[in-house]
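Here is a short briefing on one protein chain. Look over the sequence and the fold before reading the points below.

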Amino acid sequence: MNVINATPSPSGRGRREAQARQGEASREGEGHKSGHILRRYPLSNGEGIALHRFALFTAGCTAFLIFVGGLVTSTESGLSVPDWPTTYGWNMFTFPLSKWVGGIFYEHSHRMVASFVGLLTVILTVWTWLREKRASLRWLSAAALSAVILQGVLGGITVLFLLPAPISTLHACLAQGFFCLIIAMTVFTSPQWKRGLPSIGSHAEASSVPTLCAATTAAVYVQLILGALMRHTAAGLAIPDFPLALGHIIPPFTSNKVIIHFAHRVGAVVVTTMVAWTFIRVARLYAGYSLLFRPAVTLVVLLGVQLVLGAMTVWTAKSIIPTTAHVLAGALVLGTSFLLTVRSYAMLSVRVANCRGAL
C-alpha cells in the first residue's frame, strides 16, 4: 500500500492536504515531532464505522460474559445445571424463567450470555467476510468464530465430566484469548486504524518498546492461567493470609494447592514489575502520543484495582463480589496490555508500519 508522507508537497493542493493531516494529528495529541515521521494510509470509498461499532459491542459483551463466568465459579454453581446442551431436559432457550433460582440462575445465565456472544461472533464473521477486502481480517474473524465454538464445546465438556480442573482451566484461558481476538477485530476495523496510526520514526529505544509491551501481555496471560488454575483447583484460600503467606514471606509448601496459590502471588509481583516498567518507558518516551500513553495509564490504574481486589478476595474469604470483580479486572488488564502492544507495533516499528495495509 502506498504511504502518504506528512511532509508538505510543492503543490498548493498537496500543502493543504498535508496541513489538514498534520492538524488532525495535533488534535489527537499525536503531533509531528522532530525525528518522527507521520504516515497515513488512504481510506477507500464507502468505508463506514458500523462494523467497528459492532465489534466494539461484541467486545463489551465478551467482557460481561467473563464476569458472568466468574460469578459461576465464585458461587460454585458450575454443576447447578447437570446436563448440556439442555437445561434439566429443556431446550436452553425455552427453560422457564420461574426455574431460574439459586445456582441455576448463575449457570443458566452464563449459558444464555455465552450463546448471545456466540451469535454476535457469527454475525461479526459473516459481516467481515461480506464487506472486508482485507484477507487477514477475514481470517482473523474466522479464528474468533472457531474460538467461540471451541469455547462452547469446552463449557459443555466441563459440565458433562463434572468440572475437571484441566478442562475448566482451559475453558477459562480460552475465554481470555477470545477476548483478545475480538479486541483485535475492534482495533483493525476502526477508522483510526484504516486511516493509519501515526508512525514514529527511528528512535534509539523505540524498537524495544513493542517487545516490552508484548512481554508484559504474555506475563499477564500466564498470570491469568495461574489464576484460573487456582480457582478450579479450589486453591484460592490455600494461603488464607495476606500480605504474608501462612505467616511467612515464603510459605511452607505443604500441598499442591499452596504451591499453586503462591505461584499466583509471585506472578502478581512479576506482572506488577512488567507493567511498571512498560509505563515508565512509554511515559518517558511517548507521553505526547495519546494512543500509547492513555492505554499505558489505564493499564496501571487497572492493575492497581486488580491488586486491591486480589487482597480483598483473601481478606473476605472469597466473597462473591470482589472475587468475581477480580476475574473481570484481570481480563481488562490483559485486554488493555494487548491493545497497547498492537498500537506500539503499529506506531514504533517501521517494518510493521510499512506493511500494515494488509490489516
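A residue counts as buried under 20% relative accessible area, as exposed over 50%, and as partly exposed in between. Lys318 has a relative accessibility of 29%, so it counts as partly exposed. The model is predicted. The protein chain has eleven helices and two strands.

**Overall fold**

- Along the sequence, the pattern of the protein chain reads β-α-β-α-α-α-α-α-α-α-α-α-α.
- The protein chain has 359 residues, and 47% of them are buried.
- The protein chain exposes about 17,000 Å². Carbon and sulfur atoms supply 70% of that area.
- Take the contacts between residues at least 6 apart in sequence: 74% of them join residues at least 24 apart.

**Confidence**

- Mean pLDDT for the protein chain is 87, with 82% of residues at 70 or more.
- Residues 1-46 have pLDDT below 50. In the model this stretch still has 83 contacts beyond near neighbours in sequence.
- Residues 351-355 also stay under 50 in pLDDT. The model gives them eight contacts beyond four places in sequence.
- Where pLDDT is low, predicted coordinates should not be read in detail.

**Salt bridges**

- Side chains of opposite charge can pair when their charged atoms come close.
- How many salt bridges does the structure hold? The structure holds three.
- Arg111 and Glu107 pair through their side chains, with N to O at 3.0 Å. Both residues lie in helix H3, four residues apart, which is about one turn of the helix. Arg111 and Glu107 are both buried.
- Arg134 and Glu132 form a salt bridge at 2.8 Å, N to O. Both of these residues are buried.
- Glu132 also bridges to Lys194, where the closest N and O atoms are 3.9 Å apart. Glu132 sits in the loop between H3 and H4, and Lys194 in helix H6 (residues 191-195), so this pair ties together parts 62 residues apart in sequence.
- Is Glu132 buried or exposed? Its relative accessible area is 9%, so Glu132 is buried. Lys194 has 11% relative accessibility, so it counts as buried too.
- Shared partners link Glu132, Arg134 and Lys194 into one salt-bridge network.

**Cis peptide bonds**

- Trp84 and Pro85 are joined by a cis peptide bond, with omega about 10°. Pro85 is in the loop between H2 and helix H3 (102-131).
- Phe242 to Pro243 is a cis peptide bond as well, with omega near 10°. Pro243 lies in the loop between H7 and H8.

**Positive phi**

- Which residue just after H2 takes a positive phi? Glu76 does, at about 55°.
- Leu163 is not a glycine, yet its phi is positive, about 60°. Leu163 is in the loop between H4 and helix H5 (165-188). Its relative accessible area is 36%, so Leu163 is partly exposed.
- Lys318 is not a glycine either, and has a positive phi of about 65°. Lys318 lies in the loop between H9 and helix H10 (320-348).

**Helices and chain packing**

- Helix H2 (residues 50-74) has 25 residues. At 1.5 Å a residue it should span 36 Å, and its end C-alpha atoms are 36 Å apart, so the two values agree.
- Gly152 is in helix H4 (residues 135-160). At 33% relative accessibility, Gly152 is partly exposed. Its C-alpha atom is 8.8 Å from that of Arg111, 41 residues away along the chain.
- Met312 belongs to helix H9 (residues 290-315). Met312 has a relative accessibility of 33%, so it counts as partly exposed.

**Nonpolar surface patch**

- Which residues form a nonpolar patch on the surface? Leu244, Ile249, Ile250, Phe253 and Ile259 do. Together they have about 530 Å² of accessible area.
- Leu244 lies in the loop between helix H7 (208-232) and helix H8 (256-286). With a relative accessible area of 42%, Leu244 is partly exposed.

How values were computed:
Residues are numbered from 1 along each chain as its sequence is written. This is a predicted model: local features need pLDDT of at least 70, side-chain atom pairs count only at pLDDT 80 or more; totals for chains, interfaces and linings use all residues. Side-chain values use heavy atoms; hydrogens and water are left out. Patches are made of residues with over 30% relative accessible area and no salt bridge: like charges are joined within 9 Å, nonpolar side chains (Val, Leu, Ile, Met, Phe, Trp, Tyr) within 5 Å. Accessible areas come from the Shrake-Rupley method with a 1.4 Å probe; for residues, only the protein chains shown count as cover. A salt bridge is a side-chain nitrogen of Lys or Arg within 4 Å of a carboxyl oxygen of Asp or Glu. Buried means under 20% relative accessible area, exposed over 50%, partly exposed in between (1.4 Å probe, protein chains only). The expected span of a helix is 1.5 Å times one less than its number of residues. pLDDT is the predictor's confidence in each residue, from 0 to 100. Contact means heavy atoms within 4.5 Å.
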